[in-house]
Amino acid sequence: MIAVAAVIAAVAVVAIALFGGGSDYRVHVVFESAGQLVRGNEVRVSGSQVGSISDIDLNDEGQAVVTMKVNDDLAPLHAGTTATIRVTSLSGIANRYISLQPGPNNAREIADGGTITADSTSAPVDIDTLFNTLDPKTRRGLRNFIRGNADWYDQRAPEAAASTKYLAPFLGSTSDLTREIALDQEIFRRFLTDSANTVSAIAERRDDLADLVTNTNTAMKAIGDENVALSRTLQLLPDTLRKANTTFVNLRSALNDLDVLVNVSKPATKDLAPFFRELRPVVHEARPTLADLSALIRSPGPNNDLIELTAKQPQLARLTSTVFPRTIRTLDRSQPVFEYARPFTPDFAAWFTKFAVVAGYYDANGHYARVQPVFSPTRYTPPPSGPGSRGLFEVVNPANKLDQFQKGVFNRCPGSATQPAPDGSSPFVTGGCDPDAILPGP
């Protein structure tokens, strides 16, 4: 009996050692995806196994809840512990395990049956899952991209080896970025939606984008062709910036004064809005005027716009430096003549208009002058001998039929050849002339 009891005790000890007792420490870990985990997969810390996966389930949010048993020598875990699903090798299928990074020992303990939330976990994305999201056209483009990279790195193994030292920091930064993005699914979803809309808008303007790339290539080629001048410019740039330091310092004080101007101008700007509302229709109506002004200032062709006229002004100035002074002197000298002739303008105009009437009559022989004989009703008596003597006009026959004509009109004023002007400008009274000596009639 004693031997049988010893055998039973030994079997119980072995069973407890192999399968554990009822006091195993269990923790639930929430993942966005189980990532092909299965029951029995290992739980590791720094590459060493510390437990295994006992169950996999789904919660109400559709997330994977993985229950793992952790050995007593690591239990209990503390707050801040993170869990990551990793791959043992690329050749297997169900060869995943959970890698734990325990939290600090002074943090809060995670009780038996506690939960590590999805904020502290990350799951891998299988490459086939990624490829399944791509349509055939995109997969062909990706294939061409991979082949293009192969051609790019062909015969460039040393350069590629040198660039690999930057790969690990890049992957680490990318992992941190994706982890932060996964924390807020709603923001990430909006980001993807907005990115899709942006890409769609760019696709609609692909021709413009192609032109932009072509023009950029042309511009960069032009810059490359001027690499010597560009290098010289970059060499001179530090000295230029140092010399401009004084200007920038003075600009800082000028900006302080400008702040005062802006603050003083703010009360006046409140009236600009109604002013601009009233100015808008004026600007709209002024478009034809501005278009005509633009054509006046610059028009196609030579010698037909204001710019070309302005360009010729120096030549005109040189020409007028001699002509204008002579013209001014001529006008100054002719001023008395014009002043004398100006009052007689109505007389000259009347003479020109009536002279044409005189010769306007014609017969079979052509135009002829219309002559009206006038017999003077007066008789002139010569003056007696002696200085200062004057002749005498006297009426011969007062009953003469020519009495209807004016007589004794010897000193008419200038402009009296026409009827008096309503504004009194004619006749022009000057030199003791008789203003009453005007033409008869209304």
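Helices here are DSSP runs of H or I with at least four residues, strands are runs of E with at least two, and both are numbered from the N terminus. Now the housekeeping: this is a predicted model, where local features need pLDDT of at least 70, side-chain atom pairs count only at pLDDT 80 or more, and totals for chains, interfaces and linings use all residues. Residues are numbered from 1 along each chain as its sequence is written, and side-chain values use heavy atoms, with hydrogens and water left out.

**Stop 1: helix α6**

Select residues 185-204, which make up helix α6. Show the side chains of E186 and R189: they meet in a salt bridge, with N to O at 2.8 Å. The term covers a side-chain nitrogen of Lys or Arg within 4 Å of a carboxyl oxygen of Asp or Glu. Why are E186 and R189 about one helical turn apart? Because they sit three residues from each other in α6.

Colour by accessibility next, using these classes: buried is under 20% relative accessible area, exposed is over 50%, and partly exposed is in between (1.4 Å probe, protein chains only). R189 has 47% relative accessibility, so it counts as partly exposed. E186 is partly exposed too, at 41%.

**Stop 2**

Side chains of opposite charge can pair when their charged atoms come close. How many salt bridges does the rule give? The count comes to eight.

Go to helix α5, residues 167-183, and pick D176 and R179, which lie three residues apart, about one turn of the helix. Their side chains form a salt bridge at 2.9 Å, N to O. D176 is partly exposed at 42% relative accessible area, and R179 is partly exposed at 36%.

Then select R205 and D208, a salt bridge whose closest N and O atoms are 2.5 Å apart. With a relative accessible area of 52%, R205 is exposed, whereas D208, at 36%, is partly exposed.

**Stop 3: a positive patch**

Switch to a surface view and select K137, R139, R140, R143, R147 and R206, which form a positive surface patch. Lys and Arg count as positive and Asp and Glu as negative, while His and the chain ends are not counted. Each charge is placed at NZ of Lys, CZ of Arg, CG of Asp or CD of Glu.

Which helix supplies the largest share of the positive patch? That's α3 (residues 136-153), with five residues. R139 lies in α3, and its relative accessible area of 37% makes it partly exposed.

**Stop 4: a nonpolar patch**

Keep the surface on and select M220, I223, L230, L234, L237, L241, F248, L251, L255, L258, L261 and V262. Together they form a nonpolar patch with about 1,100 Å² of accessible area, calculated by the Shrake-Rupley method with a 1.4 Å probe, where for residues only the protein chains shown count as cover. Helices α7 (206-225), α8 (227-243) and α9 (245-269) each supply at least two of the patch residues. The most come from α9, with six residues; L261 is found in that helix.

**Stop 5: the aromatic pair**

A search of the whole structure finds one aromatic pair. The rings of F275 and F276 have centres 5.7 Å apart and planes at 50 degrees, so the pair is tilted. The cut-offs: rings of Phe, Tyr and Trp (its six-membered ring) pair if their centres lie within 6.5 Å, with planes under 30 degrees apart counted as stacked, over 60 as edge-to-face and the rest as tilted. F275 is partly exposed at 44% relative accessibility, and F276 is partly exposed at 44%.

**Stop 6**

Finish on the backbone. Zoom to the loop between β4 (64-70) and β5 (82-87), where P76 is found; the peptide bond from A75 to P76 is cis, with omega near -5 degrees.

In the loop between β2 (42-45) and β3 (48-58), select S46. S46 has a positive phi of about 55 degrees although it is not a glycine, and at 73% relative accessibility it counts as exposed.

Q155 is exposed, with a relative accessible area of 74%.

Terms used. Patch = residues over 30% accessible without salt bridge, like charges linked within 9 Å, V, L, I, M, F, W, Y side chains within 5 Å.
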